[in-house]
Amino acid sequence: MKKPTARLSGLFITCASLLLACSQTNTPQTSTTVSPATSPSPGASPEASPGSSSNTISIGIGVAQTSNVALLGQEQVAGAKIAEKYFNDKGGVDGTPIKLVFQDTGGDEQGTINAFNTLINQDKVVGIVGPTLSQQAFSADPIADRAKIPVLGPSNTAKGIPQIGDYVGRVSAPVAVVAPNAVKAALKQNPNIKKVAVFFAQNDAFSKSETETFQTTVKDMGLELATVQKFLTTDTDFQSQATNGINVNPDLIIISGLAADGGNLIKQLRELGYKGVIIGGNGLNTSNVFSVCKALCEGVLIAQAYSPEYQNEINKAFRDAYRAQFKKEPPQFSAQAFTGVQVFVESLKEINAKSKVSQQPLAELRTNLNQQLLSGKYDTPLGEISFTPEGEINQKEFYVAQIKMDADGNNGKFEFLK
């Protein structure tokens, strides 16, 4: 049954650019590889399948490698490339290597649309891991759905993502599942919390969806929602909103935004004298926030869908590879991108066991891949996952971390709470 198409909401995403730790490695250049088969562009004549002459299987990675959103997208690039090496070292898809084809979505909807169109019609990938932001997904995922190519969102947690279409799923747990854990952790640390101030980026679909969950959670837990303050992801001066928030004397402040704007808001709240508990949403779930609020990041709580300490074989391999390359613990965005690639690879292997992937026309393979991935179960760095028929992730393990900054105030880590 066709899923209803979600409506695009909000304005374009922008936030201040940051230099990423993972930018120390070269940004992958867009590359075109031979697909297991080819597919006609809309209106074009069908192309013949190259069959067994193909020597790679192309999987698209459509995330933000440049622009304002690169602070998150580069972490996804890192996770995807670790997955590419890991699975190819294990033989790829029964001896056929996978090849990741990267297209840069930039930080807005149009860049994502362009990237998806290129991956679908020019690069002829079998499936796409991306995009980085929910705002981008609401624009680009319908294009993939109409082309009948499976998409797995690695970090699209807003309400309505799987409902975009039959070919749209996600390996990122919805905000409605993850966010309440942070509020529970805050109450565990300070049972005297009564009054809450909420801040959110009004031009970001994810932040708007997340703040709705946070506000509902606050009310359901019997807390007072004292004020709701809005800002833009392009803002750098939060003096007005921060002052308004502090003036209601909140015991807890909750921020839904991205790393740059959210980090600056944390910094300015602390500089204005706020000493209470702060919760950051999923957009702040990156070590790149440390360079924004520096020592003032200390103590911020963030709910997580991934822990480097999760015990299974594949997470150990992923964690070891990430630490060897980047000299730090892997972040959630990298783990989710790795998982997206993993789901495609393991689904392709299941298909290949029944009918050779190299002998299937691309359009047929894409449909078979979508059906297979939705029916499978996967042991991933995120833990055991599966999907609902609609494409929503079923995930068992969730966490809350607290930011602990080093003495110099420049570097820090996420310390997972028991």
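Which residue does a disulfide join to Cys293? The partner is Cys297, with an S to S distance of 1.9 Å. Keep in mind that this is a predicted model.

## The disulfide

There is one disulfide in the structure, and it is the link between Cys293 and Cys297. As a reminder, a disulfide is a covalent bond between the sulfur atoms of two cysteines. Look along the S-S bond of Cys293 and Cys297 and you get 95 degrees, which makes the link right-handed.

Are the two ends buried or exposed? Cys293 has a relative accessibility of 3%, so it counts as buried, the cut-off being under 20%. Cys297 is buried as well, at a relative accessible area of 0%.

## How α1 and α9 cross

Now for a pair of helices: α1 covers residues 70–89 and α9 covers residues 313–326. Their axes come within 10 Å and cross at roughly 120 degrees. As for handedness, the crossing of α1 and α9 is right-handed.

## Who touches whom

On the α1 side, the contact is made by Ala78, Gly79, Ile82, Tyr86 and Phe87. Helix α9 brings Ile314, Ala317, Phe318, Ala321, Tyr322, Gln325 and Phe326.

What kinds of residues make up the contact of α1 with α9? Ten are nonpolar and two are polar, with no charged ones.

Note on methods
Residues numbered from 1 in each chain as written. Predicted model: local features only at pLDDT ≥ 70, side-chain atom pairs only at ≥ 80, totals over all residues. Heavy atoms only, no water. Disulfide = S-S within 2.5 Å. Buried < 20%, exposed > 50% of the residue type's maximum accessible area, 1.4 Å probe, protein only. Axes fitted to C-alpha atoms, helices over the stretch in contact; angles between N-to-C directions. Helix = DSSP H or I, 4+ residues; strand = E, 2+ residues; numbered from the N terminus. Left-handed = near helix turned anticlockwise from the far one by under 90°. Contact = heavy atoms within 4.5 Å. Nonpolar A, V, L, I, M, F, W, Y, C, P; charged D, E, K, R; others polar.
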